[in-house]
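Reader: I would like a close look at one part of this model, the ligand site. Please walk me through the surroundings of the ligand.

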Amino acid sequence: MKRTIINELLHQNEFGNKVLVKGWVRNRRGSKNVAFVALNDGSCINNIQIVVDFANLGEEVMEGINVGASLSVEGLLMESKGGGQRMEIIAEKITLLGPADPNKYPLQPKRHSLEFLREIAHLRFRTNTFGAITRIRHAMIFAVHNYFNDRGFYNIHTPIITASDAEGAGEMFQVTTMDLKNPILNEEGNVDYKQDFFGKKTNLTVSGQLEAELAALAMGRVYTFGPTFRAENSNTTRHLAEFWMIEPEVAFNELTDNMDLAEDMLKYVTQYALDNCMDDLQFLSKRLQEEEKGKKAEERSMELIAKLHSIVDNDFVRLTYTEAIDILRNSKPNKKKRFNYVIEGWGADLQSEHERYLVEKHFKKPVILIDYPAEIKAFYMRMNDDGKTVRAMDILFPGIGEIVGGSQREERLDVLMEKMAAMNIPEEEMWWFLDTRRFGSVPHSGFGLGFERLMLFVTGMGNIRDVIPFPRAPKQAEF
Ligand code: 4AD
Ligand code: MG
């Protein structure tokens, strides 16, 4: 007999047929004559109820059927007499596939803390919360590819090992095959990377942008969606050492086109979640409301589904860095010195507390900030005519802060080379990047969307380590 996926089963309207399901026990309860087993196979948030009538099957059949055990169940699909579920399977044959010792299995049908679940990330897929997150994560990946495919973008695989440092942040994981205890040294006594595997110093990429630019300047519209790595020692709820980034790059696009693209894409993927993940979103919404029960009304977050609708239905606010600084300088928390970093004046780098003030308190909507001071942004951003700001664009989201970072790129060879010299970026190492400005250069723009930040937003989860299956963070590389 062919197995039916539980999600398909739960959408059926025909009853009385024999079915076969397989899955893991989420719960069991019962009385003297009958047991009810909640079975889940990962296909949806809901379980199928299995009714085990001892008169037919004997009480012994329940032996070993504990939470966490895997089962194969054959039986009749019937409309349910009890409340709480539309249908149930009246079991005719139950096979225990793999037992789970109730004294040792760490998951029980109760609320476990997210911290505890992080320690058992190998099993947390079996919880409602991580099941929902995993399905939504898949849907969002699919939505991203759909969005770009429908609009004529080409997906480019950019390298994971590189010799360049796109962001100039200097916080990278080195890649080497050298013996760390006995590295090969040159005459000056420094490590001789010419002898290393790639013949030069290499690292895990922090961004696929520079290579995406090369492709865009021939293919027109491209995007990358790959893993990126940052060795910053930031132990926050918004940072991972390994995260996934979506980076479109478009020839002939200027900053306004770039903002339009990012806003449209964020709305599309949010709408995609609303259209395709409603059961999981409703579960996560309830979960969040329960978690925030103890909080004061003004500290509670907006209901998840209403929040997602508000993104789709409202235009993002667009303003310049200079305008944002004016708002922040005159804000209450700045005047009362309640910000950890008080804004003194123009040129200050914005911290997440400032970003969140703008989005959550001042505008109460997503904000696109543009035209940042050149000093606080990467070398590749296009210089404005004022000579001090660049065509940068950061998108700030409620509850998240920065979700997108991007810019129009500097396409003028002379301006770019001047900038690189000022920032001590060696021309010889970037000859290939500069070549695109030597031959057929055109205005172009792109951005990077942190996929896990997007996941935080869509799921309403509070910690980025809970929206990726196996988080990598300082001192954390288990599993
Ligand atoms: O602002 P960032 O550093 O921009 C770039 O890397 C550009 N090269 C992108 C481009 O223009 N193609 O990073 C982009 C986004 C951030 O806005 C944030 O959402 C996410 O990547 N991000 C992180 N997400 C999780 N953990 C971290 N440590 C992150 N650092 C950045
Ligand atoms: Mg950024």
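Author: β15 gives the largest share of the shell around ligand 1, with 5 residues. This is a predicted model, where local features need pLDDT of at least 70, side-chain atom pairs count only at pLDDT 80 or more, and totals for chains, interfaces and linings use all residues. Residues are numbered from 1 along each chain as its sequence is written, chains are lettered from A and ligands numbered from 1 in the order in which they are written, and side-chain values use heavy atoms, with hydrogens and water left out.

Three strands each supply at least two shell residues: β11 (242-251), β15 (401-408) and β16 (444-450). Strands here are DSSP runs (E, at least two residues), numbered from the N terminus.

Ligand 1 has 24 residues around it. Near means that a heavy atom of the residue lies within 4 Å. E167, Q209, E247, E402 and I403 come nearest. By class, the shell has 8 nonpolar, 8 polar and 8 charged residues. Asp, Glu, Lys and Arg count as charged; Ala, Val, Leu, Ile, Met, Phe, Trp, Tyr, Cys and Pro as nonpolar; the others, Gly among them, as polar.

Now the polar atoms. A nitrogen of ligand 1 lies 2.7 Å from an N or O atom in the Q209 side chain. A ligand nitrogen is also 2.9 Å from a polar backbone atom of L240. An oxygen of ligand 1 sits 2.8 Å from a polar backbone atom of I403. Alone, ligand 1 exposes 630 Å², and the protein buries 93% of that. Accessible areas come from the Shrake-Rupley method with a 1.4 Å probe.

Definitions and conventions. Polar contact = N/O pair within 3.5 Å; in protein donor to acceptor, adjacent residues only side chain to side chain. Helix = DSSP H or I, 4+ residues; strand = E, 2+ residues; numbered from the N terminus.
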